[in-house]
Amino acid sequence: MAYYDSIKLEKGMYGIGGKTFTQALEEMDPSGQYENTDLAGLDAYQRQLKRFDIKVGGENSDVVERFFQSGDSAALFPEYVARAVRQGMERANQIPGVIATLTKVNAMDYRTIAASVSEEAGDPVTEGGLLPQTTISNQKNLVSLKKRGRILASSYEALRFHKLDLFTVTLRQIGADIARELMKDAVDVLVNGDGNDNAVAPTKLAGKPTYGDMVNLWGAVSPYELNTILASTETMKDLLAIAEFQDATAGLNFQGTGKLATPLGANLIHVPSLTDKLILGLDKNCALEMVQAGDIVTDYDKLIDRQMERAAISTIAGFSKIFADAVQAANYD
């Protein structure tokens with residue numbers, strides 16, 4: 001049985017291909033062996049924090065300097081940064097509301113598939129006739145992966161005596177900013193396509209959107225399900241001014257959960273980066289694929305060596321359309 005308090009921690013644990021620091025730790029010190037002990041419920045990284053008595057949250061959280069009491073404990077610092085950034089991303093993450101699937105790759109190049117349904121789909125098949133066809137093919141162009149992140153522009157001396165609880169707030173905000181940038185990338189692909197001639201063609205409305213316009217958008221997405229509507233701040237105001245969108249039940253749902261719903265049953269997602277006066281409707285179950293190369297990446301060398309002035313925190317991801325017709329749009333003046 002491996003014991004968490006005897007593991008030698010080092011920089012090299014961050015450089016293992018396809019694995020996070022915690023995953024490398026879990027292989028050395030599996031959580032399963034701690035069932036029915038005082039350490040049950042903690043993962044391998046959390047056991048290391050306990051080993052060095054580092055409190056990263058709460059009223060009695062330690063200061064940043066606590067990570068650097070030894071070479072072993074210093075190796076835990078980049079993972080702390082990555083986890084705090086990931087928490088911020090998860091809190092501000094709107095991506096699950098628009099993607100059908102997440103694909104993780106270990107390369108910068110990725111060619112995905114596209115699917116299309118023949119026009120006669122849904123028609124009855126006569127005797128001896130051919131069944132309707134769904135064509136699956138490789139996309140002509142590779143998925144464009146982008147790096148999104150931040151430079152941690154602060155010296156160790158400026159941070160060393162600050163509480164980890166406070167530093168975590170800043171790191172979570174970095175994560176929230178990255179999540180918003182990823183959502184901007186996703187929306188750009190939904191509107192402009194992924195480079196494979198699949199940009200959306202908006203329907204021009206006569207003026208501000210009406211309930212009838214929204215019903216027409218619902219019909220345009222058919223035979224797919226209109227379950228998600230994206231709108232910018234100004235467009236959201238126009239949508240919420242529609243009488244049918246002011247349903248009392250929908251209002252109670254917003255007050256209780258913070259989520260907006262429409263009388264069409266679709267989730268209404270506020271996307272500030274979306275072009276004003278453009279309404280995007282889609283079936284999130286089959287419209288978009290997210291491709292992610294790895295997890296949150298930190299400059300672990302710099303962070304461990306306390307050279308934080310130019311330490312980078314980043315993630316690499318891209319988006320690709322699956323069923324192009326599962327996305328429809330309308331715009332107005």
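Mentor: Lys-146 stands opposite Ala-317 in strand 11. Gln-292 also stands opposite Ala-317. The model is predicted, so local features need pLDDT of at least 70 and side-chain atom pairs pLDDT 80 or more, while totals for chains, interfaces and linings use all residues. Residues are numbered from 1 along each chain as its sequence is written, and side-chain values use heavy atoms, without hydrogens and water.

Strands are DSSP runs of E, at least two residues long, and helices are runs of H or I, at least four long, both numbered from the N terminus. Strand 11 pairs (at least two DSSP bridges) with strand 4 (residues 146-152) in the antiparallel sense over 7 bridges. Strand 10 and strand 11 also run antiparallel, joined by 8 bridges. Because 10 of its 11 residues are buried, strand 11 is largely enclosed by the rest of the structure; buried means under 20% relative accessible area with a 1.4 Å probe, protein chains only.

The largest nonpolar core has 86 residues. Ile-316 belongs to a second, separate core of 7 residues, which also includes Val-105, Leu-145 and Val-291. Such a core is a set of buried Ala, Val, Leu, Ile, Met, Phe, Trp, Tyr and Cys residues joined through side-chain atoms within 4.5 Å.

Strand 10 gives the most to the lining of the largest pocket, with 7 residues. That pocket is lined by 30 residues, and strand 11 (311-321) is among the elements that give two or more. A pocket is an open set of points on a 1 Å grid over the protein atoms alone where a 1.4 Å probe fits, with protein on both sides within 12 Å along at least five of seven lines; lining residues have an atom within 4 Å of a point.

Definitions and conventions:
Buried < 20%, exposed > 50% of the residue type's maximum accessible area, 1.4 Å probe, protein only.
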